[in-house]
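Trainee: I am new to this structure and would like to learn how to read it. Could we go through it feature by feature?

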Amino acid sequence: MTAPIVIWGAGAIGGTLGAWLIREGVDILFVDVVPEHVAAINAHGLSIEGPIDTFTVAARAVLPGDLTGIYPVIWLCTKAQHTEAAARALAPHLAEGGHVLSLQNGLNELAIADVVGRARTLGAFINFGADYLGPGRILFGGRAAVMVGELDGTTTPRLTETHRLLSLFEPNAIVTPNIWGYLWGKLGYGALLFATALTEDSIADVLAMPAYRLTLTALASELTGLARAQGIVPLGFNGYDPAAFAPGADADGSFDAMVAHNRTSAKSHSGIWRDLAVRRRKTEVDPQLTLPVAIGAGLGHAMPLTRRLIELVQDIENDNRPLSSATLDALKHAHEESLQ
């Protein structure tokens, strides 16, 4: 009897993927830190809601401290700030020849590799829209890009099998030899999402506003420029084109394409916004954006707007600023002052 795939983190990403694979006949064991969510899954199953599909699957879930056994495949789907702790908790349960797949936002493959080893780490890029609604309930709001790749760009049997599994969920899932290009591309797009989360407006509405496009362009340019400074070519997806944010380029076409893509999703606001406005908890701003800022400092690559964005998000987290257009204006003012 084969071991189940362990999905560590049964929230928006892990819950959506796991429920979908269970329906396709894949054996899944969820691990999650929220007791109410674990209890609801075991008692009533895991429900997926939204415009893509609505269904409930019978599922198994345990708290991290209750997990027993050794597993060859663990998919890590926690928030980025919990990556190191989760990796250390799962490491005793990972088979010697097994691997951890990161299905997260940011450069978490680096933190995972530090704990379990680079050879036991597999990378992925995801952009589909999902939200945790409550114990046993996940919103799947919209399809989007899914890519998987080995950290060294090679093709391996485990990569082929992972792609097969992800294709059960997203038929257009892609194997890439440049997973780092997509991860750095997502950092640029992610910075834009953090900026949209400073307000009550939707992702699409903020990206469509002409008044903020120069500031948002400069913000994304800091991240894409940092990638290129390391010899990494950031790759685009779902309307986001990193080349459009290079010096002298015109980003309007990319903005319009991102707006069009986000208008199709039932998830109108980012998970960042949901953390700030609904769940009232810390966002992923520290692990996602402070690491690039630190890398930039080491390379002499200034990132003033990214630094200011981090400060503004932290102000909201600490109840020192509201979610409002005035907070986004503060980012715009920082950009304007840098041009003087």
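Trainee: How many bridges join E11 to strand E12, and do the two run parallel or antiparallel?

Mentor: First, the ground rules. This is a predicted model, in which local features need pLDDT of at least 70 and side-chain atom pairs count only at pLDDT 80 or more, while totals for chains, interfaces and linings use all residues. Residues are numbered from 1 along each chain as its sequence is written, and side-chain values use heavy atoms, with hydrogens and water left out. Strands of a sheet pair through backbone hydrogen bonds, either parallel or antiparallel. Two strands count as paired if DSSP finds at least two bridges between them. Helices (H or I, at least four residues) and strands (E, at least two) are DSSP runs, numbered from the N terminus. Here, E11 and strand E12 (residues 174-175) are joined by 2 bridges and run parallel. Met147 stands opposite Ile174 in E12.

Trainee: Which strand is joined to E11 by 5 bridges?

Mentor: That is strand E8 (residues 121-126), and E8 and E11 run antiparallel. Within this pair, Ala124 has Val148 in E11 as its bridge partner.

Trainee: Is strand E11 largely enclosed or left open by the rest of the structure?

Mentor: Buried means under 20% relative accessible area, exposed over 50%, and partly exposed in between (1.4 Å probe, protein chains only). In strand E11 (residues 146-150), 5 of the 5 residues are buried, so the strand is largely enclosed by the rest of the structure. Val146, Val148 and Glu150 point one way from E11, Met147 and Gly149 point the other way, and all are buried.

Trainee: In what order do the strands of the 8-stranded sheet lie?

Mentor: The order is E5-E2-E1-E6-E7-E8-E11-E12, in an open sheet with mixed pairing. Strand E5 (60-62) and E12 are its edge strands, each pairing on one side only. Further in, strand E6 (residues 71-76) and strand E7 (residues 94-102) pair in the parallel sense over 5 bridges. Val73 stands opposite His99 in E7, and Ile74 has Val100 in E7 as its bridge partner.

Trainee: Which helices pack on that sheet?

Mentor: Contact means heavy atoms within 4.5 Å. Angles run from 0 to 180 degrees between N-to-C directions, and axes are lines fitted to C-alpha atoms, for helices over the stretch in contact. Helix H1 (residues 12-23) packs on the sheet and touches strand E1 (5-8), strand E2 (28-31), E6 and E8, its direction making about 160 degrees with that of E2. H5 also packs on the sheet, touching E1, E6, E7, E8, E11 and E12, and its direction makes about 170 degrees with that of E11.

Trainee: What is Leu165 in contact with, leaving aside its neighbours within four places in sequence?

Mentor: Leu165 is in contact with Ile5, Leu21, Val26 and Trp75. This residue is found in helix H5 (residues 157-169) and is buried, with a relative accessible area of 7%. The C-alpha atoms of Leu165 and Glu24 are separated by 9.5 Å, although the two are 141 residues apart along the chain.

Trainee: What is the order of the 4-stranded sheet?

Mentor: This open sheet has the order E4-E3-E10-E9, with mixed pairing. Strand E4 (55-57) and strand E9 (129-134) stand at the edges with a single partner strand each, so one side of each is left without a neighbour in the sheet. From one strand to the next, the twist averages 25 degrees. E9 and strand E10 (residues 137-142) pair in the antiparallel sense over 5 bridges, and Tyr132 has Ile138 in E10 as its bridge partner. Helix H2 (residues 35-44) lies across strand E3 (46-49), E4, E9 and E10, at about 95 degrees to E3.

Trainee: How many helices and strands does the chain have?

Mentor: The chain has 13 helices and 12 strands. The radius of gyration is taken over C-alpha atoms, and the globule rule is 2.2 Å times the number of residues to the power 0.38. For this chain the radius of gyration is 19 Å, close to the 20 Å that the globule rule gives for 340 residues, so the chain is as compact as a globular protein of that length. Of the 340 residues, 56% count as buried.
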